[in-house]
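This report describes the pockets, cavities, cores and selected secondary-structure elements of the model shown below.

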Amino acid sequence: MKQRLFAMLLALAMLLTAVPAGAAGGDAAAAAAGSKLIAFTFDDGPSPYTAGLLDGLKARGAHATFFMTGVNGGSGIVNQSAVLTRMRDEGHQLANHTYSHIVPFNTQSASTISSQVSRVEQLLFQYMGGSYTDMVRTPGGALGITVQNNVPAPIINWSVDTLDWKYRNADTVYNNIISGARDGAIVLLHDLYLTSIQGALRAIDTLQAQGYECVTVAELLRRRGITPVNGRSYTSAPPDGVNLPAYSAPVISSSTGTDGVQVTLSSANAGVPLYYTTNGTIPHLGSMRYTGPVTITQDTTFTAAGIDQYGTRTPVTVQTVAGMPRAAAPAVSYQNGLLTLTTSTPGAQIYYTTDGSQPTAAGTLYTGGFVPATTTKCIAVRDGYLDSPVVTCTLTAYGRLFTDVAADAWYYTAVGEAVGQGLMNGTDPYAFSPDTAMSRSMMAAVLYGMAGRPAAAGGSAFSDVPEGAWYADAVQWAGGAGIVTGMGDGTFAPDAAVTREQMAVFLYRYAQALEQDVTMDGDPLAGFADADTVSAYAVDALRWAAGMGLINGTDSVTLSPRGGATRAQTAAILIRFAEHTR
């Protein structure tokens, strides 16, 4: 509550307030230039009544500033946080009234003042989705050197005190607002009381009929050409000949580019960052910030707005931009030495090249199956559509065709040989997934295939290998043969990436099962700086694998025993292993 002490402080605040020179008699000039402006402010909340206040403000197209506490009985940000998103989305200003409303505030220590402000600032950051420069109202409008030196924000007081907390009468609130209203006034209210809300909404109706526009404090100061200064007190912004227009809404435009439709946001509001969403929500500081044209390929609804440093938002622009669909990438089929190409985009034509160059509509038109080159590239093209993604078909020396194994990749030969010799299979008919991590179940399946897929007696020894899983027979065989022993807790972890030392152990035990000589002279691990990180169970196996040249270091001095291996790396290892076990 505002007490006599605070009235005295208010008088001091009035003397310290930065009021533009020449404000007296400026109402007529301001009226001629545009709307009369007034800022309604509500302290000590949000409260259980705030949602009803927001309903009334929305119905009137009015905006207000809410100076909120952290905790104030059952009110405050902590207790009424559900209403903050609505405040933000409906264009109100969320501001700081200190965490626990300590009075008298100007007698508190510098650390207490700073903490009271910063705790609410942190809450506002959390709920605003980002950080802007807060405005602060101290409890009771308290000022003084200690306060002003430790509040790192503009301090907002008032020119119209409704005394709503004292009288709690809607008619009194209304009369006090109307009698004190002036162009540029800042009105003090509290959204803790239903009578305050009733009187305020009634006053807004009257003032709007008189030509007033209800704006936030930040908008009031901006439109009067006032740049707020941290630690300085502001009680009003009377007209002095400066009456800037309200922010204008962003403009959304589009043009067709080579990769899709390019959407551009522009604004007449110099220096105000633009934010946008594509999911129908109102942009806020946590939304995507516009930094340049956005490329789309399908119809997209953009919601855009500018938000300045005090959280004042421009009008929102909502516009659906028609995208340009992309033709479906050609599907490939390779049978009996012929490559067949199809696309699911009706009316699209397919073009291809066999010299490694990028295909275009100026290339060779596909008319039927043909013998592919080592590298064949193709696209689907149709008027009104973006060209499809390029599909690269690579034919290996063993006659297998893949769309994800480039002929110039380091693993091209290894993958071709591993698949051609039956050591590994693709993940799809025309995909090998070379960069995918090799899993423990994949490794078991590889060794099972190399062994000729023998029958395995008994059920699975591992609780996480269900019967009927694609890898179940392989793991059952590998467990029975002693090649895999699981994780030590009755599980096998089939989906876990196989580590380099685990792979060495699998190969080592499989070589032993084949009665291969796995003795190794010397210590091939001695040159690696991380050799001491090899698990005890894997030392012999990794020494053997390194000595045989199966598993090399990830660089000249690093072994990375617990690192993973990709399918391409595994293919290379298996080719070397097969050479030693023939």
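In the counts of lining residues that follow, Ala, Val, Leu, Ile, Met, Phe, Trp, Tyr, Cys and Pro are taken as nonpolar, Asp, Glu, Lys and Arg as charged, and the others, Gly among them, as polar. The model is a predicted one.

**Pockets and cavities**

With these classes, the lining of the largest pocket divides into 12 nonpolar, 5 polar and 3 charged residues. The volume of the largest pocket is about 370 Å³, and of the 20 residues that line it, N425, M442, A445, V446 and W470 are the closest to its centre. Helices α12 (440–450) and α13 (472–480) each supply at least two residues of that lining, and α12 gives the most, with 5 residues.

The second largest pocket holds about 290 Å³ of space. Its lining consists of 16 residues, among which H63, E219, T312, R313 and P315 lie nearest the centre, while β7 (212–214) and α10 (217–223) each contribute at least two residues to it. By class, this lining has 6 nonpolar, 6 polar and 4 charged residues.

The structure also holds 2 cavities of 30 Å³ or more. Around the largest cavity there are 14 lining residues, and R88, H92, M128, G311 and R313 are those nearest its centre. The volumes and the classes of the lining residues are set out here.

| Space | Volume | Lining by class |
|---|---|---|
| Largest pocket | about 370 Å³ | 12 nonpolar, 5 polar, 3 charged |
| Second largest pocket | about 290 Å³ | 6 nonpolar, 6 polar, 4 charged |
| Largest cavity | about 100 Å³ | 7 nonpolar, 5 polar, 2 charged |
| Second largest cavity | about 40 Å³ | 3 nonpolar, 2 polar, 2 charged |

Strands β21 and β22 are included, together with α16 (567–581), in what covers the buried residues of helix α11. In α11 (residues 412–420), the residues Y412, A414, V415, G416, A418 and V419 are buried. Just after this helix, G422 takes a positive phi of about 80 degrees.

**Nonpolar cores**

The largest nonpolar core has 61 residues, and those with the most contacts inside it are L507 and W544. Helices α11, α12, α13, α14 (500–513), α15 (539–547) and α16 each supply at least two residues of this core. Apart from this core lies another, of 40 residues, with V83, L189, I204 and Y212 among them. Once residues up to four places away in sequence are set aside, W544 touches A504, L507, Y508, A511, D517, V518, M520, L550 and F577.

**Two residues in detail**

Leaving aside its neighbours within four places in sequence, T570 is in contact with M424, M438, M443, M503 and A565.

Y167, whose place is in helix α7 (residues 164–167), has a relative accessibility of 44% and so counts as partly exposed, the class between the limits of 20% and 50%. Along the sequence Y167 and T195 are 28 residues apart, and in space they are 9.2 Å apart from C-alpha to C-alpha.

Note on methods:
Residues numbered from 1 in each chain as written. Predicted model: local features only at pLDDT ≥ 70, side-chain atom pairs only at ≥ 80, totals over all residues. Heavy atoms only, no water. 1 Å grid on protein atoms, 1.4 Å probe; cavity = no way out; pocket = protein on both sides within 12 Å on 5 of 7 lines; lining within 4 Å. Points joined across faces, edges and corners; volume = space filled by probe spheres on them. Helix = DSSP H or I, 4+ residues; strand = E, 2+ residues; numbered from the N terminus. Buried < 20%, exposed > 50% of the residue type's maximum accessible area, 1.4 Å probe, protein only. Contact = heavy atoms within 4.5 Å. Core = buried A, V, L, I, M, F, W, Y, C linked by side-chain atoms within 4.5 Å.
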